[in-house]
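Here is a walk through one protein model.

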Amino acid sequence: MRTLHFTKMEGCGNDYVYVNGFAEKVPQAEKPALVRRLSDRHFGIGGDGVIFINPIEGADAEMEMYNADGTRGEMCGNGIRCVAKYVADRGIVTKNPMTIISYGQTKILTLTKDGDGKTVKVRVNMGSPILETKDVPTTAAPNRKIGSADAAVSVPITVRGKEYEMTCVSMGNPHAVVFVDDVEHFDVNGIGPDFEHHALFPKRVNTEFVQVVDESHVKMRVYERGTGETLACGTGACATAVACILNGKTGSRVEVELLGGTLSIEWDGVQGDSFAPVFMTGPATEVFSGEIEY
């Protein structure tokens, strides 16, 4: 048996178990099974997954993120804010802004600290959205040319015999944004798996169900691939804002209200043939630390 030190953190209720890869060495082959055990809310620590914070060349740190089912994830917006807080509050990284790599993608993060020097809020340059359907990836037929991208905006998808409209966006991971009239009473957990495993998404998909309140405020619930419904999804909030703007439902600054809190998203849209970066601002909170044998 070995002892693993961990820290539980959350951003808007999107909670992960964090392992300091600067100090803890877990064999790569053991990680999927360990992730499933640690993520279990009944027999483990409990979380939406596990994130290993590692040293890496070319950036200040790496976020190696896993979903609760042990599958590797490309990006987690709430998770990367917590990684920034972890390394900053412990003095592992002293730069502000700092750079963090996740699945080969480099993000720039700017931290806001309180009077005691603790990180309370993080603004992340999440990079430009990907709208080219083959790169999302989705096999849905593109219906709009946006910049140089053949995009799928409000295209039909049939789930359980009912037709919905979705907008497909990648923020480093695939998202389908679906607008609904009443998100509070929508059966996210019931229908979410059918979206996740739909044939139009060869790598599965995260699905956001979104209710527009006004031109600067939306409500969102999310069913994340490999995890299920979560209290928040940072990349999903970014994809939602992009979809809202593309569909003319909001302006370029959107408050995305999630079950676990609110994220502020900014996107200035198309710039010639390319797209402006999406900026996400939100909290990062440390819950507790401990150790577990495995």
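Start at Arg-160, which is exposed, with a relative accessible area of 59%. The cut-off for exposed is over 50%, so Arg-160 passes at 59%. Keep in mind that this is a predicted model.

Next, go to Glu-266 and Arg-253. Their side chains also meet in a salt bridge, at 3.6 Å, N to O. Glu-266 is in strand E17 (residues 261–267), and Arg-253 is in strand E16 (residues 253–258). The two residues are 13 residues apart, and the pair links distant parts of the chain. Arg-253 counts as partly exposed at 41% relative accessibility.

Lys-8, Asp-15, Arg-41 and Asp-48 are joined into one. Look at one contact inside it. The side chains of Arg-41 and Asp-15 meet at 2.8 Å, N to O. Arg-41 lies in the loop between helix H1 (31–39) and strand E3 (49–54), while Asp-15 lies in strand E2 (residues 14–20), so the pair ties together parts that are 26 residues apart in sequence.

Are these two partners buried or exposed? Arg-41 is partly exposed, at 48% relative accessibility. Asp-15 is buried, at 9%. The structure as a whole holds 18 salt bridges.

Now turn to the open spaces. The largest pocket has a volume of about 170 Å³. Its lining includes Ser-154, Lys-162, Tyr-164, Glu-165, Met-166 and Thr-167. Val-177, Val-178, Phe-179, Val-180, Phe-186 and Lys-249 also line the largest pocket. Which elements give two or more residues to this lining? They are strand E11 (162–170) and strand E12 (174–179). E11 gives the largest share, five residues.

How many cavities of 30 Å³ or more does a search of the whole structure find? The search finds one. The largest cavity has a volume of about 50 Å³. Among the residues that line the largest cavity are Met-65, Asn-67, Gly-73, Glu-74 and Met-75. Asn-173, Asn-206, Glu-224 and Arg-225 line the largest cavity as well. The lining of the largest cavity divides into two nonpolar, four polar and three charged residues.

Finish at Ser-274. This residue is in strand E19 (residues 274–275). Ser-274 is partly exposed, with a relative accessible area of 40%. Now find Ser-128. Ser-274 and Ser-128 are 146 residues apart in sequence, yet 8.3 Å apart in space, C-alpha to C-alpha.

Technical notes. Residues numbered from 1 in each chain as written. Predicted model: local features only at pLDDT ≥ 70, side-chain atom pairs only at ≥ 80, totals over all residues. Heavy atoms only, no water. Helix = DSSP H or I, 4+ residues; strand = E, 2+ residues; numbered from the N terminus. Buried < 20%, exposed > 50% of the residue type's maximum accessible area, 1.4 Å probe, protein only. 1 Å grid on protein atoms, 1.4 Å probe; cavity = no way out; pocket = protein on both sides within 12 Å on 5 of 7 lines; lining within 4 Å. Points joined across faces, edges and corners; volume = space filled by probe spheres on them. Salt bridge = Lys/Arg side-chain N within 4 Å of Asp/Glu carboxyl O. Nonpolar A, V, L, I, M, F, W, Y, C, P; charged D, E, K, R; others polar.
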